[in-house]
Amino acid sequence: MAELGRRAVLGLMAGGAVAAANSRVLSEPRSEGTDPRIRHIVVLMLENRSFDHMLGLLMPEIPGLRGVKAGDYFNEGADGTRYYVTDGAKYQGQFTVDPAHEFENVHEQLGISGSGVPSMRGFASSYQGAGGDPANIMRCFRPEQLPALSALAKHYLVCDNWFSSVPGATAPNRQFAHFGTSFGQINSGLIWLDRGRGIYGRLNAAGKHGKIYYARGSGTFGMTFLGSKYFGLYGDFVADCRRGSLPDYAFVEPSYSDDPDRTIATDQHPDHYVPAGDQFIWDVYKALRANEETWRTSLLLIVWDEHGGIFDHVPPPRLPYGDGTPEKPFRSTIPPFDFRELGVRVGAVLVSPYVNPGVDHTLFEHASIPATVTQQFIGDPREHAPFLREKNANRLLKLLAPIPPRLDWPSYPVDRKLKGARVSEGPATAFQLEHVQELHNALARILPDVARASNPAAVRTKKDATEFIAGAMAALHTRAGYA
Amino acid sequence: MACALTCLPSWTGAQTLDAPAPLPEAATPCPPQTVAPHADPLLRSLVTEWALLKQDWCKLMRWEDTWPRIQYLLVDVFTGPGLHPTGGIVVPDGGVAAGLALNVDWNTNAPTYQRFSSSVEGRGSENGFWEVGAKVQTLLAGYSERGKSPQVTLFATHLDLPRLPFYGLGNETPQDGRKLFGLRDTGVAASVDVPIPFGVAVAGELAGLWYAPEVDTSFGSVFNETTAPGLHTRTTYVRPRVSVAWNYPDRGVLYGLSSSALVSYGFYGAVAGGDFSFSRLEARWNVGFGLDPRIGSLRFASRVMVNDPQSHSNVPFYLQPTLGGADINDENVLRGYSNYRFRAPNLVAYELNYERAIIDPIGIRIFGQLGKVGQHASDLGFDHLKSSVGASLTFRLGGAAIAEISFGWSEAEGLHVYGTGNTNNLGGLTAGLRGVF
């Protein structure tokens, strides 16, 4: 972040930290525009898990989260047996048959009533019809089963109103993430030859750079013909984070298959081993934090491409517009679809040094990804995005709060060794000392009693600085209502 | 629910909720298939696959967007659990092969270490080469080191290779001295492969191996036990093998410095067939440096193999490694020579290549290769190395070459053309590709 920008942010903090308390449950749209603090937007898109399945049981721990409690909802099986939403999701082995999630399956799962309103009661019978155990489709992970996701969700910002773009499978939904549209297709295959370069080409034309990082064994979904300069492997992502050479936009793909070279699938697609994906989430976060400058200038979105046939209780909304252009809207005739209907809700966690902990209810879908990137690096998507969905998509930048960069770490018990390792001995850097002083100044304005009790001049080592910053941020968050 | 409808900002040109979602009531052609649940994994795999194929076919016929529907059909025809057609080769010079693979996931509500996937595959070629195999594997996902997990594999294979070329042993064999021999190769093995920190993986394997060479009178009139040890001998081995592999960085990279190394040691203890026990030590070291694809990447690869017979023993000629074209494992070394061209108990090979994009997805690679075989390990010096140079047109996907047509040239044999490739990055179509071979 530019020096001026950081000071300006600190100047805003007195009001921002308090105002943030109000955005904890309902995020008010802030003024649209670029955020000078953000130089890198990183998206990690996993596979085929619904919001309730991954994050729903965090409801008691994140006030305002639209999740579930055991017994809140049920679906009926083919014989009328009721299957209630509950915990008990297992890491692997409950989806012996991959839950169907093609267009026709999702419509069955939505359980459209006579009035045309989704009842969300067709998931169990859909899975039963496909040969699976209907009880498993209603099960959710307890937060402690997913330590990385839960830690990041509690420490940063959960978007609990994020829907997949199309009530269908991987391909159209991932196209919305890359192109802001699926070009009118609800069932597009995985070879996208005639789509152009999407957000990556748009960035390139604007003198910016976007890149897809993938696992060597399983490759990248759909974007393989994009062009050599737009790709790196996951190891390149780690190195780019460490060196501070991340591109403006980075799309990270997990490993999609268990490979002969012992690489384990990290995409969390049923029936892959879910903790491997959870560890991968932490790895991506950890990579960003390996370089403080990279971290201070980044925004990471963790999101799933679609629900994978697994239960969620929130009916997908219908938009007041479709896709394509007003003159030439995208439509499917067989089967009928006008692209106003969103797919099932999926998990989305926004991780950045500039978000406050909590939950945001702004409506997002995958077109929000290229819209956000466009907004930040190119210009107003209403002018620069080609099609309606992306033009109108809410952007994530409005969720960034006017706070100093958060350098505190989430509580992640599996990796305490790492947390200890980064607090290395040795004298504090000039940047750390400056940051300490700025935080102390902010404390003096907002929490003068805390400021009087702390002494920035006593900070001498990296460990001192880390502890001072963590303490100051904790005090500020407490003041803002996040204790 | 109430909050879902009300806790949202009003629409001011940005997305918002319009109304409780009224959906089109129009009937959707090809409604979801119903599949009866099956406890038996094999039956479950087959009926699920059948339902998917029926649905794919229905949608291909009745839905819009034919090309995407064809892709989905191909995905379900070639990948995932169930019965699938397979293709490729059995070994180089064996012709084009095709066959079937049956993949079953033994997924139950069980701990990870009790979960197995199994594959059975058979394929035969136009030239009469064929192979069958079965593999049972479990990835112990409960432990992972940098994205990799321990793997336990049990496998059995049988290959019938009726006509393999043999030019004699050594570096100076005449090209027109080529004779053909047959080999039946059967093996059963159990292996454990464990990743440990710092990019290192250790592996251990115990195998039982049976080899049955078949030579005709033409072959026998030229070669004998001295010039082709074991030509009339069927051998049976018990082979323990250990290996250590190292990769830097431990996650793959396209850019910057990368390196990998492998050292393996196996002892072929002959339990039947005569004095043919020997040990095999193999080492590989690769190093690469990748720059922007328009500038290119440079890679150096090296390999040495030493087969050391026990006292009074020999290494059967059919187990001695080869250089030239492609070897029995389809590894290309000295592309300017014929497949299997040089054979001896010991081998050393080097390659330096440079690859870059020209116009995506086309790239070019230029390469130079050196190598030779030797009767003794001390023969593997830098003198009298065979050489081959050439160029390849590469097909690049995802920023890396995944297939290439190579034009290899050597002074002795002139031009040879090879096609090579892998299934990485074919648009996600092959993420579920399985089988034994």
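Modeller: Let's start with B:Cys30, which sits in the loop between helix 1 (2-6) and helix 2 of chain B. Helices here are DSSP runs of H or I with at least four residues, strands are runs of E with at least two, and both are numbered from the N terminus. This is a predicted model, in which local features need pLDDT of at least 70 and side-chain atom pairs count only at pLDDT 80 or more, while totals for chains, interfaces and linings use all residues. Residues are numbered from 1 along each chain as its sequence is written, with chains lettered from A and ligands numbered from 1 in the order in which they are written.

The backbone of B:Cys30 deserves a look: its phi is positive, about 60 degrees, although the residue is not a glycine. Most residues other than glycine have a negative phi. B:Cys30 counts as buried because it has 20 C-beta neighbours inside 10 Å. The cut-offs are 20 or more other C-beta atoms within 10 Å for buried, 12 or fewer for exposed, and partly exposed in between, with C-beta atoms placed from the backbone.

Now move along to B:Asp65, in the loop between helix 2 and helix 3 of chain B. B:Asp65 is not a glycine either, and its phi is positive, near 65 degrees. With 20 C-beta neighbours inside 10 Å, B:Asp65 is classed as buried.

Zooming out, chain B splits into domain 1 (29-78) and domain 2 (79-421), with bounds taken from an automatic or database domain assignment. The C-alpha centres of these two domains of chain B are 36 Å apart. Ten residues from domain 1 of chain B and ten residues from domain 2 of chain B make the contact, where two residues touch if their C-beta atoms, placed from the backbone, lie within 7 Å. On the domain 1 side, helix 2 (41-62) and helix 3 (66-78) of chain B are the elements that give two or more residues. Helix 2 of chain B gives the most, with six residues. By type, that side of domain 1 of chain B holds six nonpolar, two polar and two charged residues; Ala, Val, Leu, Ile, Met, Phe, Trp, Tyr, Cys and Pro count as nonpolar, Asp, Glu, Lys and Arg as charged, and the others, Gly among them, as polar.

Further along chain B there is a backbone detail of another kind. B:Pro249 belongs to the loop between strand 8 (235-248) and strand 9 (256-272) of chain B, and the peptide bond from B:Tyr248 to B:Pro249 is cis, with omega near -15 degrees.

Strand 16 (residues 386-397) and strand 17 (residues 400-410) of chain B run antiparallel and are joined by nine bridges; strands pair if DSSP finds at least two bridges between them. One of the bridges links B:Arg396 with B:Ala401 in strand 17 of chain B. These two strands of chain B form a hairpin with two residues between them, and B:Gly398 in the turn has a positive phi of about 60 degrees. Strand 17 of chain B also pairs with strand 18 (residues 414-421) of chain B, in the antiparallel sense over eight bridges. There, B:Ala403 faces B:Gly421 of strand 18 of chain B. Strands 17 and 18 of chain B form a hairpin too, with three residues between them.
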